[in-house]
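I opened this structure for a first look. These are my notes, in the order I took them.

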Amino acid sequence: MAEDADTIVDVHYNGMFTPTPLMYFDGVKASVPYTVVNKMNFPDFIPFIEKLTNRRCRDVYYCPHEVRLSEGLHAIQNDCDFNEFLEDINEKKRLDVYVDHHHEPLFDWIQEEEADIEDDDLVYIDDVDSILEDCLKAEHVEDDVLIILIT
């Protein structure tokens, strides 16, 4: 359970998000014990993050540790989001919190990344004749084998 002393929230800040693949680049990380975060509610959380990062925090997100951002990113914008964040902490030993100082359109980037992945999975058929050619059998002629006897 997350109440263990080794449960951590890693807060990433002063970096920036980059699209395709979505990553947080060149940031600073501060680790906060779960016991500190668990005592808060949403109105306390954002000022705590702002004090920790020494900057105004317009957009705050979290993602389970070792999950791709494009697959696990969640916004923390209200009490409901914050409660889900606390529930996820209870299920994990480590969560990552990301501060977006530049107000990037992250969920638009995630949709674009997913669309790019889906496009890569598509197979385009240009010419039916080329497919038939690939299906034709070809004879295989073995290479000559040279045997050298050493006496």
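**Entry 1: Glu91**

I looked up Glu91 and found that it counts as exposed, at 61% relative accessibility. My cut-offs are these: buried is under 20% relative accessible area, exposed is over 50%, and partly exposed lies in between (1.4 Å probe, protein chains only). Glu91 sits in helix α4. I then checked its distance to Pro64: 27 residues apart in sequence, 9.7 Å apart in space, C-alpha to C-alpha.

I note that this is a predicted model, where local features need pLDDT of at least 70, side-chain atom pairs count only at pLDDT 80 or more, and totals for chains, interfaces and linings use all residues. Residues are numbered from 1 along each chain as its sequence is written, and side-chain values use heavy atoms, leaving out hydrogens and water.

**Entry 2: the chain overall**

I counted 6 helices and 7 strands in the protein chain. Helices (H or I, at least four residues) and strands (E, at least two) are DSSP runs, numbered from the N terminus. Their order along the sequence is β-β-β-β-α-α-β-α-β-α-β-α-α. Of the 151 residues in the chain, 34% are buried. I also looked at contacts (heavy atoms within 4.5 Å). Among those in the chain with a separation of 6 or more, 66% come from residues 24 or more positions apart.

**Entry 3: strand β5**

I checked each face of β5. Asp59, Tyr61 and Cys63 are buried on one side, and Val60, Tyr62 and Pro64 are buried on the other.

Which strands does β5 pair with? Pairing needs at least two bridges found by DSSP. β5 runs antiparallel to β7, over 6 bridges. β5 is also antiparallel to β6 (residues 74–75), with 2 bridges.

**Entry 4: the nonpolar core**

I searched for a nonpolar core, meaning buried Ala, Val, Leu, Ile, Met, Phe, Trp, Tyr and Cys residues joined through side-chain atoms within 4.5 Å. The largest has 35 residues, and Phe45, Leu73 and Phe85 have the most contacts inside it. Elements giving two or more residues to this core include β1 (8–13), α2 (42–53), β5 and β7. I then listed what Phe85 touches, leaving out residues up to four places away in sequence. The list is Val9, Val37, Phe45, Tyr62, Ile76, Leu95 and Val97.

**Entry 5: aromatic rings**

I found 10 aromatic pairs in the whole structure. Rings of Phe, Tyr and Trp (its six-membered ring) pair if their centres lie within 6.5 Å; planes under 30 degrees apart count as stacked, over 60 as edge-to-face and the rest as tilted. I picked Tyr24 and Tyr98: their ring centres are 5.4 Å apart with planes at 55°, so the pair is tilted. Tyr24 lies in strand β3 (residues 23–25) and Tyr98 in strand β7 (residues 94–100), 74 residues apart. Tyr24 is buried at 16%, and Tyr98 is buried at 10%. Ring pairs link both into a cluster with Phe17, Tyr61 and Phe107.

**Entry 6: cysteines**

How many disulfides are there? I found 0 in the whole structure, with a disulfide taken as a pair of cysteine sulfur atoms within 2.5 Å. Cys63 is buried at 1% relative accessible area. Cys80 is partly exposed at 49%.
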